[in-house]
Amino acid sequence: MGTGVRAVWRGILLPLFFAAATALFLPWSAEAAKSKPPENDGPPMRFVVVRSSAPGCEPFCPEWISAEGAITPATPAAFKKFLKKLGDKKLPVIVTSPGGRVEAALELGRMLRTRKLDIGVGLTRFVECAPDQKGCKLDPARKGIYQGALYSAGAYCASACSVMFAGGVRRHVGQWAYMGVHQVTSHVTQQKITYRETYKVVKGKRKTVSRKVVRRKTVGSYTTTKMGKAFNARMLTYLKEMGVKKEMYEVGQSTPAAEMRQLAPVEMLNMNLITSLDATDVLVSIENCRTAAPAANCVLAPGKKLASNSYPKPLVPKGPGMWLAVVRSVGACEPDCPEWISAEGQVDETAPQRLETLLKELGDIKLPLIISSSEGDPIAAMLMGRVVRANGLDVAVGRTFFAGCKPNGKGCTGWQGDGRPYLGIAGSGGAECGESCLLVLSAGKTRLIGEGILAGWGASPALDAPIRNHYLVQMGVGPKVADATPGYDKLDDAALALLREGYLTTRSGSTQLLIDSGLCRMSPRPVNCRALR
């Protein structure tokens with residue numbers, strides 16, 4: 001087509017030309033076809049937040065994102081909008097999907113990895129009403145959060161879903177769930193595109209100024225499972241980025257598109273498609289909310305508030321002197337766990353003062369003293385015992401086993417060093433209780449010592465009998481109790497019975513009666529149970 005338009009370029013008068021041309025483009029090109037292949041995968045994927053309905057989890061329950069349905073071109077945008085609304089919450093994705101668009105699945109996988117979300121194959125069974133159920137309306141106080149339970153049986157992640165799945169940080173498929181792969185299929189639509197082009201001729205060469213499509217006409221379409229080098233390279237790059245071996249893609253591409261290859265658990269583990277053989281339940285178990293460091297998807301119920309606690313620093317002297325530290329049970333008890341004061345080492349002259357300092361910082365909080373000490377200053381031990389009696393503390397002989405380093409360990413700063421307690425468990429194993437330890441024990445409101453503990457006054461006690469017996473009588477202990485443990489040996493049933501008869505112990509049992517992780521579920525609730533934020 002001709003033109004009379006002229007333009008100035010580099011000071012030379014040149015004509016400006018317009019032309020019309022036609023070309024065939026595949027849907028992967030910049031001029032992709034607007035028409036879509038038929039969708040046979042069912043309803044598009046929807047996303048909702050679900051809170052565990054498991055008995056006993058409230059008010060601190062795990063939540064997750066239920067993602068069920070086909071992956072369509074609109075799914076990434078829907079997920080992006082959903083995550084934005086979710087805010088800072090970091091919830092695992094529980095998915096069931098027949099697959100769908102690979103391009104969209106790649107986007108979803110990268111979104112999962114960017115957000116550092118875990119993923120598992122599973123189905124959500126809603127206990128009230130389901131998101132797609134007609135007439136389902138949630139109480140406004142629920143803020144759009146459904147209640148439900150996770151099931152693996154019947155759950156599946158097939159075809160393009162496996163591509164999305166690879167983007168999760170932790171990835172789980174239970175033995176009753178299904179993971180399937182097969183060849184990628186491209187739906188190609190051919191179009192005849194007519195466009196109007198404006199160009200210049202500069203020094204005998206044509207240079208395009210603009211191009212505008214004026215007409216499109218579909219001339220044919222077909223499907224193919226033959227992927228080009230560029231697409232294959234893109235898929236392998238993505239899998240490598242996600243830490244998944246190329247074998248996953250190769251197995252899929254060797255399986256005809258009309259079939260589906262189910263991947264076995266060990267096979268998926270070898271491919272790094274799953275990060276462990278644990279079932280998807282591991283991501284949403286209520287036990288995750290009862291650990292010392294609850295999982296990120298453990299959320300407090302609306303309107304509830306856990307107490308914020310500040311803990312005193314451990315008091316650790318130089319040398320073999322007795323150190324003191326507040327410890328929180330590492331058992332399955334969160335958010336309400338028992339705590340205690342761990343006292344270990346030689347009862348030195350300043351031990352009573354350290355105990356007073358620690359108790360002053362704790363204020364009205366009364367924690368039992370779990371002590372293990374083979375030797376020490378008996379006078380200091382009696383002073384320490386009077387501090388115990390004045391504050392009405394329970395005492396048990398036991399050793400604390402810390403989750404991490406000990407308070408007296410080199411460079412040990414406790415749990416994150418941010419004012420929270422050390423974590424651990426306590427028991428009779430490895431505990432000792434010499435003369436000084438027994439003097440502290442005798443001052444307790446409740447006094448416990450278990451079988452197998454190495455204990456005794458010693459063949460030649462460091463403290464004169466009259467002084468010791470006077471102190472014991474003041475503490476309500478019979479002076480003849482020393483006869484029950486004349487030496488220093490492991491306590492058996494007979495020795496323990498003599499200690500009870502002499503009132504050195506107030507009842508049979510060991511440390512677990514004071515600090516077992518299940519105590520905080522009892523009624524009345526023990527005073528050493530505390531809720532931690």
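**Figure 1. Lys203 in the loop between β12 (186–202) and β13 (205–224).** In this predicted model, local features need pLDDT of at least 70, side-chain atom pairs count only at pLDDT 80 or more, and totals for chains, interfaces and linings use all residues. Residues are numbered from 1 along each chain as its sequence is written, and side-chain values use heavy atoms, with hydrogens and water left out. Strands (E, at least two residues) and helices (H or I, at least four) are DSSP runs, numbered from the N terminus. Phi of Lys203 is near 55 degrees, a positive value in a residue other than glycine. Most residues other than glycine have a negative phi, and most peptide bonds are trans. Lys203 counts as exposed because its relative accessibility is 71%; exposed means over 50% relative accessible area, buried under 20%, and partly exposed in between (1.4 Å probe, protein chains only).

**Figure 2. Tyr503 in the loop between α11 (493–501) and α12.** Tyr503 has a phi near 65 degrees, a positive value in a residue other than glycine. Its relative accessibility is 53%, so Tyr503 counts as exposed.

**Figure 3. The loop between α12 (512–515) and β26 (529–531), with Asn528.** Leaving aside neighbours within four places in sequence, Asn528 is in contact (heavy atoms within 4.5 Å) with Cys337, Pro338, Glu339, Lys366, Leu367, Pro368, Leu514 and Ile515.

**Figure 4. The disulfide of Cys520 and Cys529.** A disulfide is a covalent bond between the sulfur atoms of two cysteines; here the term is applied to a pair of cysteine sulfur atoms within 2.5 Å. The S to S distance of Cys520 and Cys529 is 2.1 Å. The torsion about the S-S bond is -95 degrees, and the link of Cys520 and Cys529 is left-handed. Cys520 counts as buried because its relative accessibility is 9%, and Cys529 because its relative accessibility is 4%.

**Figure 5. The disulfides Cys129–Cys136 and Cys157–Cys161.** A search of the whole structure finds 4 disulfides. The sulfur atoms of Cys129 and Cys136 are 1.9 Å apart. The torsion about their S-S bond is about 65 degrees, so the disulfide of Cys129 and Cys136 is right-handed. Both of these cysteines, Cys129 and Cys136, are buried. In the disulfide of Cys157 and Cys161 the sulfur atoms are 2.0 Å apart. That link of Cys157 and Cys161 is left-handed, with -105 degrees about the S-S bond. Cys157 and Cys161 are buried.

**Figure 6. Helix α2 (residues 102–115) and helix α4 (residues 229–242).** The axes of α2 and α4 come within 11 Å and cross at roughly 20 degrees. Axes are lines fitted to C-alpha atoms, for helices over the stretch in contact, and angles run from 0 to 180 degrees between N-to-C directions. The two helices, α2 and α4, are therefore roughly parallel to each other; angles under 35 degrees count as roughly parallel, over 145 as roughly antiparallel, 65 to 115 as roughly perpendicular and the rest as oblique. Val102, Glu103, Ala105, Leu106, Gly109, Arg110 and Arg113 of α2 make the contact with Phe231, Arg234, Met235, Tyr238, Glu241 and Met242 of α4.
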